[in-house]
Amino acid sequence: MEVVRPVIHMSGLSMEAKAKGQSITLVPTMGALHEGHLSLFREGRRLGDLLVASIFVNPRQFNDPKDYEKYTRDLPGDLKKCEAEKVAVVFTPSEDEIYPPDDKTAVPLPAVALPLEGTARPGHFQGVIEVVSRLFRIVRPDKALFGLKDYQQLRVIEEMVRGQGLNTQIIRHPIVRDKDGLALSSRNARLSPEGRRRALSLSRSIAEATRLFTRGERNLQKIGEAVGEILRADPAVTVDYVAVVDAETLGKPHPDRPVLVAVAAFVEGVRLIDNCVLGD
Ligand code: AMP
């Protein structure tokens, strides 16, 4: 496994791989790796010749500076996990090289970035597409994998790639959950055992949406209300939003098209999200 920090070294490795006719798969992460990330690596390894994982805690996507400071960082631990998963290259760029002071690259924000997380976390998706477009420019991946855990992020990146005519195929990866249903997240580590138990309200509310839909419920308002009820039943959970929207546009849902049910809530001051797509 190669651990690469200078951008020029990373782009060199990509050029060499391409010259040898190898395909490149990229899994961008912010580190604090857990089983969700590792599952993306395994799939990434299957889908291409050279698996590149990037680890970069992107300051521009944190709308709350405290959240950025508190974000778990464990590069030695992360590298061990990458090694065990046979990641070929771990790219750990510096902030100065990702965002050189003279770089004025402007990446337009797609419309799917505006609602939900876009409203709740102003500037977040601008930061996401800025880092992802730069990583793509350096690594030039044939494929890049993203988790459905961050559903809206995936849609934003899909639209960015389409809008900019980039040559990278975006692969959607299912949500990886703990045995009890909680969606894995680097943020879960900041919860106390009690907080973690309370956080299960999110996955339970999402499971209820799936259950109702599978049972034949097509009244989307009712589904949204059932989800909200579960979340609000626990005073330790502060709901940020419950959304039932069209899974493609993230706008008004249509009964005959896939629907996204997405929730965001705070537990012990930690912001957690979960979602499911109904009728896919
Ligand atoms: P992050 O390090 O949080 O930026 O996440 C890096 C990638 O891993 C993103 O594409 C996430 O959507 C994905 N990811 C994080 N947690 C999970 C999970 N529980 N299941 C599936 N993908 C995940």
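**Entry 1. Helix α2 and its surroundings**

I looked up what the buried residues of α2 pack against, and I found β2 (24–29), β3 (50–55), α4 (75–84), β5 (143–147) and β6 (169–173). I note at once that the model is a predicted one. The buried residues of α2 are Gly 36, His 37, Leu 38, Ser 39, Leu 40, Phe 41 and Gly 44. I then checked the length of the helix, which runs over residues 35–47. Its 13 residues, at 1.5 Å a residue, should span 18 Å, and the C-alpha atoms at its ends are 18 Å apart, so expectation and model agree.

Is Ser 54 buried or exposed? Its relative accessible area is 1%, and a residue counts as buried under 20%, so Ser 54 is buried. I listed its contacts, leaving aside neighbours within four places in sequence, and found Leu 26, Val 27, Pro 28, Thr 29, Phe 91 and Leu 135. I also looked up the separation of Ser 54 from Glu 248, which is 194 residues away along the chain; their C-alpha atoms are 27 Å apart.

**Entry 2. Phe 91 and the nonpolar cores**

With neighbours within four places in sequence left aside, Phe 91 touches Val 4, Arg 5, Pro 6, Val 7, Met 10, Val 52, Ala 53, Ser 54, Ile 55, Leu 135, Ile 138 and Val 139. Which residues have the most contacts inside the largest nonpolar core? I found Met 10, Val 52, Phe 91 and Phe 136, in a core of 45 residues. Helix α7 (residues 124–139) gives this core its largest share, 9 residues. I recorded a second, separate core of 25 residues, which includes Leu 212, Ile 223, Ala 226 and Val 237.

How many bridges join β7 (residues 237–246) to β8? I found 9, and the two strands pair in the antiparallel sense. In this pairing I noted Phe 266 of β8 as the bridge partner of Thr 238.

β8 also pairs with β9 (residues 270–278), in the antiparallel sense and over 9 bridges. Here Ala 262 stands opposite Asn 275 of β9, and Val 267 has Val 270 of β9 as its bridge partner. The hairpin of β8 and β9 has 2 residues between the strands, and Glu 268 takes a positive phi near 50° there. I found β9 to be mostly covered, with 8 of its 9 residues buried.

**Entry 3. The ligand**

I then asked which residues come nearest to the ligand. Of the 16 residues around it, these are Met 30, Gly 147, Asp 150, Val 176 and Leu 184. I looked up backbone contacts for three of these residues. A backbone N or O atom of Met 30 is 2.9 Å from a ligand oxygen atom. For Gly 147, a polar backbone atom lies 2.9 Å from an oxygen atom of the ligand. For Leu 184, the distance from a backbone N or O atom to a nitrogen atom of the ligand is 2.8 Å.

Methods
Residues are numbered from 1 along each chain as its sequence is written. This is a predicted model: local features need pLDDT of at least 70, side-chain atom pairs count only at pLDDT 80 or more; totals for chains, interfaces and linings use all residues. Side-chain values use heavy atoms; hydrogens and water are left out. Helices (H or I, at least four residues) and strands (E, at least two) are DSSP runs, numbered from the N terminus. The expected span of a helix is 1.5 Å times one less than its number of residues. Buried means under 20% relative accessible area, exposed over 50%, partly exposed in between (1.4 Å probe, protein chains only). Contact means heavy atoms within 4.5 Å. Two strands pair if DSSP finds at least two bridges between them. A nonpolar core is a set of buried Ala, Val, Leu, Ile, Met, Phe, Trp, Tyr and Cys residues joined through side-chain atoms within 4.5 Å. A residue is near a molecule or strand if one of its heavy atoms lies within 4 Å of it. A polar contact is a pair of N or O atoms within 3.5 Å; within protein, one must be able to donate a hydrogen and the other to accept it, and residues adjacent in sequence count only if both atoms are side-chain atoms.
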